[in-house]
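Here's a quick briefing on a two-chain model, to read with the structure open beside you.

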Amino acid sequence: MKYENLSVQALKCMYVSTALSSLLALAVLGAVNYFYLIPEDIVPGKLASLILAVLICLNLLFSPWFRYHRYRYSINQECIDIREGYLFTRRDIVPIERLHKLQTAKGPLDQIFGVAKVIVTTAGGDVTIRFLEEKQAEEIADSLRRRINQIVTEQRNDYGNTN
Amino acid sequence: METPIRFRNHISIVAERMVRGLVFLGALLAGNLSQNLPGLLEDAGHISENLPAFAAGLAGIFVLFLILVLWQVMIWSKTYISICENTLVIERNTMNRMKYTIAASSISNVNMEQNLFEMLIGTSKLKLDTNSLSTANKTDVQILLKTAQAEALKQHLMSMMHQDAPAPQPEAAAMPDAPASFDSHADFGDILAHGFFSISLFSLLILVLSIAGAVFSIREAIFSGSTEGLAGFLVSFLVIFGLFASSFWDIARGFIQYYNFRVRRLEDRLYIQYGLLRKVSYTVPVDKIQALKINQTLSARIGGRYMAEIINIGMGDEGNDRNSFLVLYCRKDTLLKRLSSLLPEFADSLELDVQRQPARVWAVWLIPFGIAGLLLGFLSWSLYWFQILTAFWCIAAPLLMAGGCLLLMILRYLTCGCALKEDYVLAVNGYLGRRVTMAAYHQIQYVELKQNPLAMLLHLQKGRLHLLAGAGNQIHDLPYFSSKKIDFFRRRLLHSKEQRGYTNPINEKGEQA
């Protein structure tokens, strides 16, 4: 199976989205420390906040890079195979003939960096292929739609031949 | 063009909906009462001084009740069910108009149910489920009719669902009462054994603690002697009684709910009936069964008993019917015999060799164990810093919890495993109890596989199977297995229709091959 990589735009998008979520987390942590933990001098709380802050910063520095280089996807006549993750990796294998619905979606950050996601729906749940270039996402969605139609036609022909 | 059949629900549906609403309000009221009882008891003495206000309040409640009844009658009168050609249409022409169209081919289950009230007035509820994930957790359509009309409608819908298949035999749907007609019929002893082995340790613990709490409350109230103590006793007694009743029902349900449990396999359908206070009749197409589960509680593992459930859309939706039993708790040889006649496609599930997780999984578990240990240690130190725990408990508590975690890990290692066969995946999970899930590759919607860094180094993988089922049965864990088996798994998942190891051994005449 041939696996595809993500474009450089995806890496930028990952860094920006991680930065935003990290900033939000640090802001909440800072507020809790400023208004409660420091005035009350709660040592365990301050220590926990320090550890969390360090972990958040390390996550911001390293996780997008690792996630970008680990992200692989493959789409062929039979299945969609997606590998992603950072410390804990995940792989989704979806047979094409299980697909019920296809959707392309773009969040606000996705639109800035010109990336999109393709969400495929089976009867057992959704699987998402993220950080694809817009044109690529449309091509993938079109080819999946054609393949699904082909499968439905084959199934109808098989059913007709059986009866 | 065929003239559409158009009808309404039986009018008793108004009474059923009102009772359900009243039960819900009653539960809310009971909750409020138990919280405010001392104050209410005090105010009750002053009712005679505020009689007009009290009467006005009662009249208001009565008017509200009347409005609700009229509203339900209006909904009933404006709701129509139509059957035209190959579709079922439900129309509600109230202020919120709704039209719900279901193609007969997408209906997966047509089931019948009769509660106590329906038994008294001679009606039955028809429950329809479709092959849809979005409505997998609830019944799609419920139709209430006179029992004979419900049976006739069920037959008609079944013939619409399987237009190209042979029509179901009339005697199959009528379900004769003589036990000899069923492939499996649970007698009183079977129900008793099932109830006993179904008892959950957690419910038993709550029951025992409730009794102890009630005894303690009574003792306290008697010795305190004051009216405040008495009011407080009533409140705590109500709460404890609620807990007791809930746990008692959880235990007793196993003995009552599956009264007269019987199952029959005819052609490609399973007919399941059971119930005492609420009679239920399920018709399950075998090709809609997503997987089979073999369950054992701790007492069942000790006693050598097994129970089988089927996973499909249509059973296990409603709160009262979370379990989709096929075979109640029985010995292994009995279960094998019953599965061979009811679901021969899955009869191998008991005999297949399931491999435990590889021993190197202990190394993989070090990561979550280590993280949990660090968090526990930090939590204990924080509680010591806040002077909530003494130094002794600061050390003893994390050690005890770590010991508990280790025990759970040992139980999990001894219980869990999986087997990747030519046509099926078997996943075994549990700690004290044991659950075996057997799913054919062609029924698995997709697979999710996970690894932590140590698992990657040690070539281990765990995963999840995603099936078309309700929320409780949609996802099934695959314990750790060797990564070398992934290619085989993927190949069988993608080529499940080739070399299918089983065929329907029950031929069209309903005879076993």
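In chain B, seven strands make an open sheet, ordered β14-β13-β12-β18-β17-β16-β15, with antiparallel pairing. At its edges stand β14 (325–331) and β15 (355–356) of chain B; each has a single partner strand, so one side of each is left without a neighbour in the sheet. Helix α6 (residues 188–198) of chain B packs on this sheet, where it touches β13 (305–311) and β14 of chain B, and its direction makes about 90° with that of β14(B). Keep in mind that all of this comes from a predicted model.

**Around β17 of chain B**

- Strand β17 (residues 424–429) of chain B is joined to β16(B) by four bridges, and the two run antiparallel.
- Those two strands, β16(B) and β17(B), form a hairpin with three residues between them.
- The hairpin of β17(B) and β18(B) has four residues between the strands, and B:Gly430 in the turn has a positive phi of about 130°.
- Is β17(B) buried or exposed? Five of its six residues are buried, so β17(B) is largely enclosed by the rest of the structure.

**Where the chains meet**

- In the contact between the chains, 20 residues of chain A touch 22 residues of chain B.
- On the chain A side, the elements giving two or more residues are α2 (43–70), β3 and β6 (125–133) of chain A.
- The largest share of that side, seven residues, comes from β3(A).
- By residue type, the side of chain A that touches chain B divides into ten nonpolar, five polar and five charged residues.
- Strand pairing crosses between the chains too: five bridges join β3(A) to β19(B), which run antiparallel.
- One position to look at is A:Arg90, which stands opposite B:Lys450 in β19(B).
- Which residues of helix α15 (residues 486–494) of chain B are buried? They are B:Phe489, B:Arg492, B:Leu493 and B:Leu494.
- The cover over the buried residues of α15(B) draws on both chains: it includes β2 (79–85) and β3 (89–95) of chain A, along with β16 (417–420) and β19 (446–451) of chain B.

**Chain A overall**

- Chain A has four helices and six strands, and from the N terminus on its elements run α-α-β-β-β-β-α-β-β-α.
- Its radius of gyration is 21 Å, well over the 15 Å that the globule rule gives for 163 residues, so chain A is more spread out than a compact globule.
- The C-alpha atoms of chain A fill a box of roughly 80 × 30 × 25 Å along the principal axes.
- Of the 163 residues of chain A, 22% count as buried.

**What the UniProt records say**

- An unreviewed UniProt entry places the feature "transmembrane region" at residues 12–35 and 47–66 of chain A.
- In the model, residues 12–35 of chain A are 100% helix, with end C-alpha atoms 34 Å apart.
- Residues 47–66 of chain A are likewise 100% helix, and the end C-alpha atoms lie 28 Å apart.
- For chain B, an unreviewed UniProt entry lists "domain: YdbS-like PH" at residues 258–304 and 414–491.
- Residues 258–304 of chain B are 13% helix and 51% strand, while residues 414–491 of chain B are 17% helix and 49% strand.

Key: Residues numbered from 1 in each chain as written. Chains lettered and ligands numbered in written order. Predicted model: local features only at pLDDT ≥ 70, side-chain atom pairs only at ≥ 80, totals over all residues. Buried ≥ 20, exposed ≤ 12 C-beta atoms within 10 Å, placed from the backbone. Contact = placed C-beta atoms within 7 Å. UniProt positions renumbered as here; feature names shortened; annotations may be inferred. Pairing = 2+ DSSP bridges. Axes fitted to C-alpha atoms, helices over the stretch in contact; angles between N-to-C directions. Nonpolar A, V, L, I, M, F, W, Y, C, P; charged D, E, K, R; others polar. Rg over C-alpha atoms; globule rule 2.2 N^0.38 Å.
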